[in-house]
Amino acid sequence: MPDKVVEREGIRMDSAALLEDAFGRIREVVVGAVEGLEPDQLAHRVDLDANTIAWLVWHLTRIQDDHVADVAGRPQVWTSQGWCERFGLPFAEGDIGYGHTSDEVASVRVDAAQLLDYHAAVHDLCLDFVRTVTADDLDRVVDERWDPPVTLGVRLVSVLGDAFQHAGQAAFLRGIVTRRTDG
């Protein structure tokens, strides 16, 4: 069966192109939220328990890395490329940030280049995988622990939704952080 084609802005897109575009948009928002900020700005909290830009971007990147590597049958960038050691965070190697306490959020202190480099490496993993995805692949069951079982399409939409939400939060926080430091 031929791949489904999606019409967008007069351009015909197949499933792989659609996914590539979506992951590319996340990358753009992440770069816009992080680029040029100092570590203290990345770690700024609008209240004592709020998430930081650093934690939000680290977390969304860990989710992408963990979930896409799993469905692609590839090792995570976090461990296979040494990012876990480079970040030196006080978490277990497989930690993705889900359920973190306020203190754990505060412990994610990194510089912008490190955060963006890790995100770029994960972005490459995502693009390498989604460029191979066909419409038929989207119906493949990737997680039977749920009822109904989770398909590749549902998992990728879940990853994208989580990433867009957290990237938007980071962009919002950048506006607050840069407003406070600029004026």
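Arg62 is buried, with a relative accessible area of 0%, where buried means under 20% relative accessible area, exposed means over 50% and partly exposed lies in between, computed with a 1.4 Å probe on protein chains only. The model is predicted, so that local features need pLDDT of at least 70 and side-chain atom pairs count only at pLDDT 80 or more, while totals for chains, interfaces and linings use all residues. Residues are numbered from 1 along each chain as its sequence is written, and side-chain values use heavy atoms, with hydrogens and water left out.

The partner of Arg62 in a salt bridge is Asp65, at 3.5 Å from N to O, the term denoting a side-chain nitrogen of Lys or Arg within 4 Å of a carboxyl oxygen of Asp or Glu. Asp65 is likewise buried, with a relative accessible area of 0%. Both residues belong to helix 3 (residues 53-72), where they are three residues apart, about one turn of the helix; helices are DSSP runs of H or I with at least four residues, strands are runs of E with at least two, and both are numbered from the N terminus.

The structure holds six salt bridges, and the table lists three of them.

| Pair | N to O distance |
|---|---|
| Arg62 and Asp65 | 3.5 Å |
| Arg131 and Glu20 | 2.9 Å |
| Arg145 and Asp143 | 2.7 Å |

In the pair of Arg145 and Asp143, Arg145 is exposed, with a relative accessible area of 71%, whereas Asp143 counts as buried at 5% relative accessibility.

His100 lies in the loop between helix 5 (83-87) and helix 6 (102-106), and at 15% relative accessibility His100 counts as buried. The side chains of His100 and Trp55 are joined by a polar contact of 3.0 Å, meaning a pair of N or O atoms within 3.5 Å of which, within protein, one must be able to donate a hydrogen and the other to accept it, residues adjacent in sequence counting only if both atoms are side-chain atoms. When residues up to four places away in sequence are not counted, His100 touches Trp55, Trp58, Phe91, Asp95 and Val105, contact being defined as heavy atoms within 4.5 Å.
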